[in-house]
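My entries follow in the order in which I looked things up.

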Amino acid sequence: MATTAAPAAETATDVTEITDVVVIGAGPAGLTAAYTLAKAGRRVTVIEARNRVGGRTWNGTVLDDRGREHFIEIGGQWISPDQTRLSALVDELGLETFPRYRDGQSVYISPDGTRHTYTGDRLPVSDHTREETEKLIALMDDLAEEVGAETPWAAARAEELDTVAFRTWLHRHSDDREAIDNVSIYVASGMLTKPSYAFSTLQAVLMAASAGSFSNLVDENFILDRRVIGGMQTVSVRLAEKIRELGGRILLETPAHQIDWHDVDPDTADPLNGIPADVRDGVSGNGSSGSVTVHATGPDGEVTVHATDAVLAVPPNLYNRIRFVPPLPREQHIAHQHISMGLVIKVHAVYDTPFWREAGLSGTAFGGGRLVQEVYDNTNYGPYGPDGTTAEDPFGTLVGFVSDVNAEQMWALPEEERRHRILSAMAEYLGPQTMEPVAFYLSDMAAEEWTRGAYATSYDLGGLHRWGHLQNRPTGPVHYACSDIAAEGYQHVDGAVRQGEAAALAVLAAQDAVQHTGQHAGLHAGQGDRQYS
């Protein structure tokens, strides 16, 4: 299956456009915002730094030792039952999904290195460890219900929970290291991709609440339920096609480098010390339509887009790649320095057959604290049947994950040693055949300039209760949308879709509230003939 990509955008030199809304970022959030706006009759221009749409969803290809191509999903891929907005969009776009393979026994490796096989959703641990695990899960379920996902920073115990590292909280409530390591998987390495001592308990509670409960988060059959046939990036590709049909424009390879968004407050100027006026204390009317100009650099020239509103649909760790004129208010300057990406390596190993199934194994494996802490059968569905009909790929694919500190250690190794170490860790679960893939690929989103980590951003210890209230608040006419600041679907594509739609609806409400005195000027002559993706 070839890599899915939107049609390439033709570029022009020194382009100026006038539109209703400019969207920065062509991932699921930005494209959902643009699609919602275009359906409402608004003129919209999307600018994207990458040479493709999809953001952190990314369909890819890996060659095997015979030169055969194999489809992989370099980025995000799963849909869970609670992700209803994404599921509805998948249906609207005419896409189909398929369930993750899970028949057979799963594998668990205990801290002493003993390998166990089991069925069901309960790990084969001692009675004491099981009791401690269930206690910790129940405590987290209670906190998720108490705090919720919408405004965790406003919870009665927000400061208390946000100033205690998740690892410390776990140790306060249990003396069982195995239970602590296993519970940590579901938030630390499995979601935030940071060590459990590096983020707060409140951040972990938000992760749980966004999934409905911590019980949902620890249930791999729930949280990793289904995939899109053709890959999750296909959602963005179809959205781009819809936007184009509605008259919208998408400019690829066009990173934004400046946003002019508001007049300055002259009272803030300090001529004696050479400090120009700015808006350090904030502006009134956040979320109201105004005047926005986005400056970007395309492959063949500068692009300038004028609009009344903007949607900034990139992860918060990239906000500082853009110069804001005037500079953003002081509180946002500080807050944005305390939001960072995690680090994870997504491992793709392709085999002649899904050999683990012949041994009665599902391909699902866990081991708290190990180099590769989780493995799944990631065999694809697509045009593999007779005459290109939809069927399961005869090649078997495993996906595994190496997170945070372990990922740092792996990237520091020579390539062959890194490959050997990772495959050896996976072979501990599924046997020596794991060492012999026909194709092997490591997703490296941390090296990708316009992502710089994975899966998503989270706050430093103590940051969520201090600055979380800012993350969804517009700055003048600039609205924000990405999975990193979602409530439901936090860090997932579903959250991105919800955020994009919410931002678009807020823009529409702001524009409807404005009594326009005239129509915006049309595009400059000749620009309407440009192809856009």
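I call a residue buried under 20% relative accessible area, exposed over 50% and partly exposed in between, with a 1.4 Å probe and protein chains only. The model is predicted, so I noted that local features need pLDDT of at least 70, side-chain atom pairs count only at pLDDT 80 or more, and totals for chains, interfaces and linings use all residues. Residues are numbered from 1 along each chain as its sequence is written, and side-chain values use heavy atoms, with hydrogens and water left out.

**Overall build**

I looked up the size of the protein chain. For 533 residues a compact globule would have a radius of gyration near 24 Å, and the chain agrees because its own value is 24 Å; the radius is taken over C-alpha atoms, and the rule is 2.2 Å times the number of residues to the power 0.38. The C-alpha trace spans about 70 × 60 × 40 Å along its principal axes. Of the 533 residues, 59% are buried.

I counted 17 helices and 26 strands in the protein chain, as DSSP runs numbered from the N terminus (helices H or I, at least four residues; strands E, at least two).

I then read the domain assignment, whose bounds come from an automatic or database source. Domain 1 is 15-58 + 232-267 + 275-340 + 459-517, domain 2 is 99-121 + 220-228 + 344-445, and domain 3 is 123-218. The C-alpha centres of domain 1 and domain 2 lie 36 Å apart.

**Gly25**

I found Gly25 in the loop between β2 (21-24) and α1 (28-39). Its relative accessibility is 4%, so Gly25 counts as buried. Leaving out residues up to four places away in sequence, Gly25 touches Gly30, Leu31, Val46, Ile47, Glu48, Ala313 and Val314; contact means heavy atoms within 4.5 Å. I also checked Ala256, which is 231 residues from Gly25 in sequence and 9.1 Å away in space, C-alpha to C-alpha.

I logged a cis peptide bond from Val325 to Pro326, with omega near 0°. Pro326 sits in the loop between β16 (323-325) and α12 (330-335). Another cis bond joins Ala454 and Tyr455, with omega about 0°.

Tyr455 lies in the loop between β24 (439-443) and β25 (457-459), and Arg452 is found in the loop between β24 and β25. Arg452 is not a glycine, yet has a positive phi of about 65°. At 41% relative accessibility, Arg452 counts as partly exposed.

Which phi does Gln491 have? I read a positive value near 70°, in a residue other than glycine. Gln491 lies in the loop between β26 (478-480) and α17 (493-512), and counts as buried because its relative accessibility is 9%.
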